[in-house]
Amino acid sequence: MQPSGGQAAPLKRVGRIVEVATPESFIFVTSKLDYPPKYEYVVVSSVEPVGGEEREVLVLCQVRGVLSRSSAYSSKLDLDALERLHQAGIDDANLLCVARTLGFLAEEDGREVVLMPRRTFPPGTPVYLAPDELVRDFFSYPPDEGLYIGTLVSRRSVPVYLSVSGFRRHVAVIAQTGAGKSYTVGVILEELMRLGATAVVIDPHADYVFLSRDREMRRHQHSDRVVVFRNPSSSGRYDPRQLDNVVELTVRFSELSPEAIAEIAEIPEGWVNIRKAIRTAVEKLRERGDYGLEDLLEELKRRSNQGGREGQYAERAYNHLLKLRRFKVFGSTTTPVDGVILRPGQVSILDLSGLNDASQDYIVSWVLEEVFRLRSTGQFEWPVFVVVEEA
Ligand SMILES: Nc1ncnc2c1ncn2[C@@H]1O[C@H](COP(=O)(O)OP(=O)(O)OP(=O)(O)O)[C@@H](O)[C@H]1O
Ligand SMILES: [Mg+2]
């Protein structure tokens, strides 16, 4: 009797396992005329140990390769011989699929889980096309846990969900340039918004600034929950007036250590005298209280006017620090993380475009350290999803 897969329609047989099979993969001979293409899903019935007892299960597998093979049409023959074989009507080719097992569904402690087979399949075992319902069960989760991200390319009728519990630690979205990584992350963020999640998105290219808008640039159900923190030097191609949820992102200049200032100005670590000139000038300013970039430049200018070797270093430091004028993100106030960037149920996009790597690094480590501190001290009691877009 063939397995029914738990539904009314009988399964469609597409081949039989041949030669060598392992719990991870096998090959099967299929029909030349109607065979499952690469990436198609198939199932094989097996008996597996589940919770201490033997159970008949349907193992979901995916076709990872398709090959056609012949002994008659040998690579040792020349073209004339091949032509004669063809004219004689010889057709001994068969079609093979290489399949990988993906696992089977089983109940464990009242929860549906995916287990990997531990037994193999005897050659001769029939292979069936996987029914939609089974594939669907594999890629779905309960609505309060599942993030809907689209449909399978090889089965448009099957929706795909990711489990939000799987995001407890890390998730990486990896693909070649232009494959759709950022788009996918945008979809995941929309789903997280639907579930009321709190998120901070490090956005070095202003890719996510339109998260509060739909395709037609209209606001949507969750628009109020998205806030774009725009640094004043943003090179993102959007007009902040187009969006009604833009807040300025700045860091008070006097919070930067002399080392951080030197890093941001891209002064090499080995230029100790120039770094020292910055340190001395900062120490002087700190005695007086708050200060900004212009105060530091003025102090360095004053020192350079005093001449001597120290004056020369101060002058070189001055010339290097002039480039910081471009980064208006370092201003007179700091955008608070607690309660502003980090708020329950808010998705905060940090637009860091237009800044150099060192100032992006500084801002990212400041925000993330602050998020980590607020979480680990229990001051912020909800999980926080941090999205780091690779720059
Ligand atoms: N599932 C999808 N449906 C429709 N369009 C998509 C989909 N995924 C991506 N795109 C479109 O394809 C293009 C490239 O996508 P995206 O920018 O997400 O790629 P990426 O992998 O992040 O690229 P990069 O490596 O350059 O950052 C975009 O125009 C995007 O709108
Ligand atoms: Mg991208």
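**Domain arrangement and local packing**

In this predicted model, the C-alpha centres of domain 1 and domain 4 are separated by 68 Å. The chain is divided into domain 1 (13-131), domain 2 (139-171), domain 3 (177-249 + 335-388) and domain 4 (252-330), with bounds taken from an automatic or database domain assignment. Residues are numbered from 1 along each chain as its sequence is written. Local features require pLDDT of at least 70, and side-chain atom pairs count only at pLDDT 80 or more.

An unreviewed UniProt entry lists residues 148-371 as "domain: Helicase HerA central"; such annotations may be inferred rather than shown by experiment.

Helix α5 (residues 272-288) and helix α7 (residues 308-321) have axes that come within 8 Å and cross at roughly 80°, the axes being lines fitted to C-alpha atoms over the stretch in contact, with angles running from 0 to 180 degrees between N-to-C directions. The two helices, α5 and α7, are therefore roughly perpendicular to each other (65 to 115 degrees). In α5, N273, I274, A277 and I278 meet Y313, A314, R316, A317 and L321 of α7 (contact: heavy atoms within 4.5 Å).

The loop between β10 (198-203) and β11 (226-230) contains S223. This residue, S223, is buried, with a relative accessible area of 1% (buried: under 20%, 1.4 Å probe, protein chains only). Not counting residues up to four places away in sequence, S223 touches S212 and N245.

Technical notes. Chains lettered and ligands numbered in written order. Heavy atoms only, no water. Helix = DSSP H or I, 4+ residues; strand = E, 2+ residues; numbered from the N terminus. Parallel < 35°, antiparallel > 145°, perpendicular 65-115°, else oblique. Buried < 20%, exposed > 50% of the residue type's maximum accessible area, 1.4 Å probe, protein only.
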